[in-house]
Amino acid sequence: MELTNISFKALSITSEIDLNKIAIHLGMPKKYTWEQPLILRTNELKTIYPARINELQQVLVFSFGSVVFVNHTGKGEIQLLLKFLQTFEKDIDLSRTDSFTDDYSLHVEPIESMELTDEYVVVKEYEFFLPELIATVLAKSVALEKAEQQLGRVQDGIEVMIERLEKGKLRISNKVLASTTAKIVRHEFNTLAYIMILDKPEVTWTHQSASQFYEQMMNFFELNDRYTILKSKTDILYHITEGFSDISHSIRGLFVEWIVVILIVIEVVITILQILGWVPTHS
């Protein structure tokens, strides 16, 4: 496999992966922080794959649940790696790993300026940081795609609540409100905070060309715009659930007030009936 043509396959397979558990199992001494990807190269991959692998193959595993395969041509290898990861993260569903995926490639050709498309990027010179930066952008993109779908499900649930409100069914249980709010909070944590859209890889702070390339990739994949849209939608959902909570609490408060009024009226009526002698008094 030549450096003039490098392929990438990104998958979003879960919400969180503990990189340090995997690193310890593979004998990798480095302590991984939550913003660093775990990069599996030849020495690590040969303990997972039974067949001989290409020395340019890599797998980048991200803490926010994305995995990017570099120069993998066979689906069997991908499935083996995913099964390996499943031994550490039991919630990985191997039957749904293709739900959020993206294929991409890097080409090195003698051109005047970089060319970016939906399927590939062409550069005139290979640099060591290119695979990791491309993989990082792809990993964040497929993770955002998953987050966008999850947010859509939360919106569908809130739409059902709005329809009930329109039909005059004003009462919403605390359990439903708590569950909906929890989904929004979990979504915000898993996506807006955990995917770290605004964080840049370490290499971009030390290499100007790496920073420029990463910014161009980020802009092309519209990661910042998608982040802003998700954040805005999440804030709107928070306001809607707060409105539901206020309505629900007001209804409960009004119900309690009516109960108090009714009890007072009953007590007054009983007192009057006792004065009139129609109801015996208790000694």
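1. A residue is termed buried when its relative accessible area is under 20%. L40 has 0% relative accessibility and therefore counts as buried. The model in which this holds is a predicted one, and L40 is part of its strand 2.

2. The surroundings of L40 deserve attention. Neighbours within four places in sequence set aside, L40 makes contact with L26, M28, L45, I48, Q57, Q58, V59, V61 and L81.

3. As to overall architecture, the protein has 7 helices and 7 strands. Their order along the sequence is β-α-β-α-β-β-α-β-β-β-α-α-α-α.

4. The protein has 283 residues, and 41% of them count as buried. Where residues at least 6 apart in sequence are in contact, 67% of these contacts in the protein join residues at least 24 apart. The accessible surface amounts to about 16200 Å², and carbon and sulfur atoms account for 56% of this area.

5. Helix 3 covers residues 75-86, 12 residues in total. From first C-alpha to last it reaches 16 Å, which is close to the 16 Å expected at 1.5 Å a residue.

6. Which residues of helix 3 are buried? They are E77, I78, L81, L82, F84 and L85. These residues lie on the same side of helix 3, because the arc they cover around the axis is only 155°. An α-helix has 3.6 residues a turn, so residues three or four places apart point the same way. One of the buried residues, L81, is also among the contacts of L40.

7. The cover over the buried residues of helix 3 comes from several elements. Among the strands that contribute are strand 1 (5-12), strand 2 (38-40), strand 3 (58-61) and strand 4 (66-70). Helix 1 (19-25) and helix 2 (42-45) are also included in this cover.

8. A separate point concerns the surface. W258, I259, V261, I262, L263, V265, I266, V269 and I270 make a nonpolar surface patch of about 790 Å². V269, a member of this patch, lies in helix 7, which comprises residues 223-275.

9. Is V269 buried, partly exposed or exposed? With a relative accessibility of 41%, V269 counts as partly exposed, because this class lies between the limits of under 20% for buried and over 50% for exposed. L40, by contrast, counts as buried at 0%.

Note on methods. Residues numbered from 1 in each chain as written. Predicted model: local features only at pLDDT ≥ 70, side-chain atom pairs only at ≥ 80, totals over all residues. Heavy atoms only, no water. Patch = residues over 30% accessible without salt bridge, like charges linked within 9 Å, V, L, I, M, F, W, Y side chains within 5 Å. Areas by Shrake-Rupley, 256 points an atom, 1.4 Å probe, with all protein chains shown as cover. Salt bridge = Lys/Arg side-chain N within 4 Å of Asp/Glu carboxyl O. Helix = DSSP H or I, 4+ residues; strand = E, 2+ residues; numbered from the N terminus. Buried < 20%, exposed > 50% of the residue type's maximum accessible area, 1.4 Å probe, protein only. Expected span 1.5 Å × (residues − 1). Arc of directions from axis to C-beta. Contact = heavy atoms within 4.5 Å.
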